[in-house]
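Subject: Structure for your files

Hello,

Here is the structure we spoke about. My notes on it follow below.

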Amino acid sequence: MRQRRKGQPVTTKHITHWIAGKGWTGGAERHGDVYDPATGAITGQVDLASADVVDAAVDAALDAFQQWRHASIAKRTGVLFAFRELLNARRDELASIIVAEHGKVHSDALGEVARGIEVVEYACGIPQLIKGGFTEQASTGIDVYSIRQPLGPVAIISPFNFPAMVPMWFFPLAIAAGNTVVVKPSEKDPSAANFIAGLWQEAGLPDGVFNVVHGDKPAVDRLLEHPDIKAVSFVGSTPIARYVYETGTRHGKRVQALGGAKNHMLVLPDADLDLAADAAVNAGFGAAGERCMAVSVLVAVDPVGDGLVERIKQRVAGLTVGPGCAASSEMGPLVTGVHRDKVTAYLDSGVADGAELAVDGRKHPISGAETADGFWLGPTLFDRVTPGMSVYDDEIFGPVLSVVRVASYEEGLALINANPYGNGTALFTNDGGAARRFQHEVEVGMVGINVPIPVPVAYYSFGGWKSSLFGDTHAYGEDGVRFFTRGKAVTQRWLDPSHGGINLGFPTNS
């Protein structure tokens with residue numbers, strides 16, 4: 001867990017759990033270091049939850065559920081609107097917290113918060129979203145109607161790359177529907193979740209409805225097996241998503257586990273190459289490539305490969321890489337030294353496999369003072385990559401863009417469809433017929449047409465296909481409402497006093 005350099009002191013910043021409306025006052029047997037990725041300095045310590053701490057958070061959520069489930073929809077929406085206003089007012093502060101612990105640039109962190117607020121705003125419409133149906137006189141004197149009810153305490157296990165947005169994909173709808181929540185954020189950048197907990201309290205959310213436990217695998221395992229957790233939402237790598245799904249469902253839970261990605265961007269010969277190059281750089285190197293929707297493979301249909309590679313090289317050379325808090329920075333560091341080293345290793349393995357290292361991110365200049373020990377890797381470009389190479393096959397999750405050259409649309413489509421991941425993809429073209437064909441034929445859950453990062457707006461749903469999703473429902477949108485509620489059908493008859501009698505036959509509709 002620790003990466004502390006010799007002689008480096010631990011600061012006084014202390015991040016602990018938020019349970020039943022207040023910070024945890026109990027002790028912790030284990031702690032994790034929290035870093036400033038731009039400098040490599042330790043900026044604080046986070047308590048890592050034991051099973052007992054997780055149990056305390058779940059108990060608080062279960063106690064709060066007994067009242068929150070009965071709160072009127074008007075009460076819930078009132079709290080949600082207040083929370084939304086607080087988020088809007090303090091979004092810059094939340095973005096700064098993200099920058100300090102994750103390392104992404106401030107504008108990118110603001111964008112993350114804004115996309116999370118979209119889901120909060122969608123959840124404010126819960127009176128309409130949760131509305132059931134009614135059929136009068138389904139049978140003689142009998143009416144039938146449907147209602148949706150909350151599940152109970154639910155768990156949200158979120159990754160380091162979006163410490164605010166990803167939890168907000170889930171908890172606004174869960175809370176609006178009447179559930180209570182235990183969030184387990186990444187221990188790498190834990191403070192955003194605590195800040196959000198404070199906003200909920202200020203908005204009037206009852207204690208125990210929103211809880212935060214910090215930790216690693218022991219905390220995750222306890223949430224997955226705890227009998228009072230009714231559902232689990234997860235975002236992370238595919239191996240862990242599969243583990244979460246299999247473990248959670250084995251313990252009788254409803255699970256949506258969003259996994260990894262290897263997102264392809266297909267560029268046809270008729271595309272605007274300047275637009276495509278801009279998109280590839282933006283989507284490949286934003287947030288230092290630490291996005292599950294990052295473009296990591298650019299599929300160039302001949303003869304546009306040379307032109308695209310040259311344009312990307314020109315754009316990459318002008319990127320300012322530096323601390324996320326600096327207004328001039330366009331790309332920040334990676335989240336930890338361990339992760340940086342893992343990503344950097346792909347530069348050597350890619351060359352060994354036969355790919356052409358067109359831009360070596362290790363040589364990119366880093367701006368700003370006191371960055372020598374930061375977790376840096378500049379934008380990296382591989383050309384003439386083929387399936388079977390590690391830089392193509394693996395989800396690198398860093399600023400590494402691979403160019404694959406193909407002879408035709410059909411070859412490019414087959415390449416995308418053969419990939420085990422199916423999270424996001426994009427097509428760049430000026431041909432409407434080709435675009436329509438692509439969106440129909442590609443086996444990927446989220447498709448962009450001349451849009452490189454096709455993250456759906458809040459009233460649609462986010463999620464991929466194949467090894468990018470485990471479970472039956474996507475995040476937020478209509479799928480989110482269904483995931484955090486269960487349906488109930490009621491058949492009722494109010495007898496006319498003049499009717500009655502005994503009839504032991506099986507009831508039929510007439």
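Areas are Shrake-Rupley values with a 1.4 Å probe, and for residues only the protein chains shown count as cover.

The model is predicted: local features need pLDDT of at least 70 and side-chain atom pairs pLDDT 80 or more, while totals for chains, interfaces and linings use all residues. Residues are numbered from 1 along each chain as its sequence is written, and side-chain values use heavy atoms, without hydrogens and water.

Val 457, Tyr 459 and Tyr 460 make up a nonpolar surface patch with about 340 Å² of accessible area together. Tyr 459 sits in the loop between strand 20 (446-449) and strand 21 (465-466) (strands are DSSP E runs of at least two residues, numbered from the N terminus). Tyr 459 counts as exposed because its relative accessibility is 54% (exposed is over 50%, buried under 20%, partly exposed in between; 1.4 Å probe, protein chains only).

Seven strands form an open sheet of mixed pairing, in the order 15-16-17-14-13-19-20 (a pair needs at least two DSSP bridges). Strands 15 and 20 are at the edges with a single partner strand each, so one side of each has no neighbour in the sheet.

Strand 16 (residues 380-383) pairs antiparallel with strand 15 (residues 356-359) over three bridges, and parallel with strand 17 (residues 400-406), also over three bridges. Phe 382 is the bridge partner of Leu 357 and stands opposite Ser 402 in strand 17. Thr 380 and Phe 382 point one way, Leu 381 and Asp 383 the other, and all are buried.

Regards

Notes:
Helix = DSSP H or I, 4+ residues; strand = E, 2+ residues; numbered from the N terminus. Patch = residues over 30% accessible without salt bridge, like charges linked within 9 Å, V, L, I, M, F, W, Y side chains within 5 Å. Salt bridge = Lys/Arg side-chain N within 4 Å of Asp/Glu carboxyl O.
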